[in-house]
Amino acid sequence: LPPAPSSSHRETKVKAIQAPSDKRWIWRLYFLLGALSGSVALLLSLTAPTDPENAWLFGFSRARLILLLFLSFEIAAFIAMVVKALRSPSWGEHLSLRISFFFNDSRRFLVAFVLVLGAVAVAWFLFFLPEMRAVELLTNYYFYYLRLKPLLLNLILLGALTLPVMLVVRYGLDIPQLVADRAVFRLGALIFGLFLIVWLLVAATGFGLGFDRSGWNAPGTPFLASQVFAVFVLSVGLLLVLARLRVRVSWVDAGVYVLIWLAAALLWSTQPQLASYYAATPVPPNYEHYPRSDAFNHDVIAQNVAIGKGFRFSGLFAIRKPIYTLFLGVLHTISGPGYGLIVPLQVITLALLPALLYLLGTQLHHRLTGLLLAGVVILREANSLALTEVINVSHAKMLMAGLPAALLMVVLTLLVLYWLWAGETRRHLPLVVGGVLGLLILLRSQNLTLIPVFLIIAFLTSPRHPKRIFERSALLLMGVVLAVAPWVTRNYFKTGAPIIEQTTGSGYVAERYSFDPKDVHASWLPDETEGEYYRRNIDHIT
């Protein structure tokens, strides 16, 4: 991909404000927010349940009173510093000079920053530790841990304040640059506010939190806070190492891409495959995880493709997810009918997903964003593999289309970015984007709903040029048709109906979108052909 077009403010070098007098407001704000964080911890400690048996004064135990006195002293100290900074500007200048002199040494700054970051990470991990896990880890010390939770919260808040202040003191703050980027901050605040409103509405009304009897609304794979910190620290560390290496930017991105791909393939491959709803428990004599349910359907079709019988399943020709079954058929052709090699080959292919997400994050924002995206996806998939027997989710070692669809979606997104950035220099790109979208439709037919979205993108690229909009829209639709038409035409000649994916799916939809399910015959009628079954259910839906 070509680099994103750089704007004037991106090309402007950061001119940090180095005058100590310009930093006085930082200390006033820091001390004020420090007092507020201590007040939050104090309120949490006061409202915690008391132990009447150990009450010593005002209903509190000695340990609780010591904690309250400590937090009260901290709040008073911060308030005193705020007052001092307001009354004596020279004191703020002197404090800024001393701290700036201390952080001028890069080694001292790095050590101090890592220590503060580590303290925040440990406090965060302990504060948000689940109750059962805390009891298991701390045993008899669990009740001390409960009493210290307000102190842990105080440490988290103070650390969250200290880290950005350290960066500002060390590297300065470019106020004009922040003013120039105010539109980005406004948009971010707006999006955050909308999500916050949605969260408050869900929390207040309970909308969407009910139990789903079908089981399709079950929780997905969890991602731990400690893993988030680990990904962040490793990403920043890798960027620091790359910054010291004088290598061409293109070589850096290529090397990081390969490194992420190899890391994902290695980590996922070393995770043992466990039995699940979609993979049977290994039994003698083969000791293989034979696919079940949807995975079984995909593999039977792929085996038919590999042996030359074509796309068919139990006499049906309009099968599900033809692109994914073709992919499995190619893997079976390489590895044979067994599963000892096909699963590792699929894992190696799907390991491209975090590597492509790195490219996507880098192109949209920054290398740090790309590294964070890649790291989160790698560890999330490792969690899915480890929790296979606990959570019924699709992962890289199952013969399921979830991850391949995500991989193809990222490829499509990268092509769309290339299309938007190329402008008039690559007029054929809408045709390519439409072709990939067509392949994605053959992987999951629900992606038909994306066609209007891409037509809107074609309009936004040239809103004042109707001819260009028509040309790009036509090329986009042509790409979709060229990718989908051969499969639909084949199904028409085989069944008598223009079917995109899985004849039986029409019966499921007709049954679910009916006021009286008894009026729908989801099963096949006597002597009913595949095309007749499909048309009957489609007529009921429409």
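**Note on helix packing and nonpolar cores**

1. The crossing between helices α15 and α17 is left-handed. In this predicted model, the axes of α15, which spans residues 352-364, and α17 come within 10 Å and cross at roughly 25°. Because angles under 35 degrees count as roughly parallel, that value makes α15 roughly parallel to α17.

2. Which residues of α15 and α17 meet? On the α15 side they are L352, L353, L356, L357, L359, L360, Q363 and L364, and these meet L403, A406, L407, V410, V411, T413, L414, L417 and W421 in α17. Divided by class, this contact of α15 with α17 comprises 15 nonpolar and 2 polar residues, with no charged residues.

3. The contact between α10 and α16 is made, on the α10 side, by Q227, V231, F232, S235, V236, L238 and L239, and on the α16 side by R367, L368, L371, L372, G375, V376, L379 and N383. The residues of this contact of α10 with α16 divide into 10 nonpolar, 4 polar and 1 charged.

4. Turning to the cores, the largest nonpolar core has 67 residues, and among its members I260, W268, V433 and F454 touch the most others. Helix α17, residues 402-422, gives the most to this core, contributing 12 residues. As general background, nonpolar side chains in soluble globular proteins tend to be buried together.

5. F454 deserves a separate look: when residues up to four places away in sequence are not counted, F454 touches L412, V416, W419, V433, L437 and L476.

6. Among the contacts in the protein with a separation of 6 or more, 68% are accounted for by residues 24 or more positions apart.

Technical notes: Residues are numbered from 1 along each chain as its sequence is written. This is a predicted model: local features need pLDDT of at least 70, side-chain atom pairs count only at pLDDT 80 or more; totals for chains, interfaces and linings use all residues. Side-chain values use heavy atoms; hydrogens and water are left out. Contact means heavy atoms within 4.5 Å. Helices (H or I, at least four residues) and strands (E, at least two) are DSSP runs, numbered from the N terminus. Ala, Val, Leu, Ile, Met, Phe, Trp, Tyr, Cys and Pro count as nonpolar, Asp, Glu, Lys and Arg as charged, and the others, Gly among them, as polar. A nonpolar core is a set of buried Ala, Val, Leu, Ile, Met, Phe, Trp, Tyr and Cys residues joined through side-chain atoms within 4.5 Å. Buried means under 20% relative accessible area, exposed over 50%, partly exposed in between (1.4 Å probe, protein chains only). Axes are lines fitted to C-alpha atoms, for helices over the stretch in contact, and angles run from 0 to 180 degrees between N-to-C directions. Angles under 35 degrees count as roughly parallel, over 145 as roughly antiparallel, 65 to 115 as roughly perpendicular and the rest as oblique. A crossing is left-handed if the near helix is turned anticlockwise from the far one by less than a right angle, and right-handed if clockwise.
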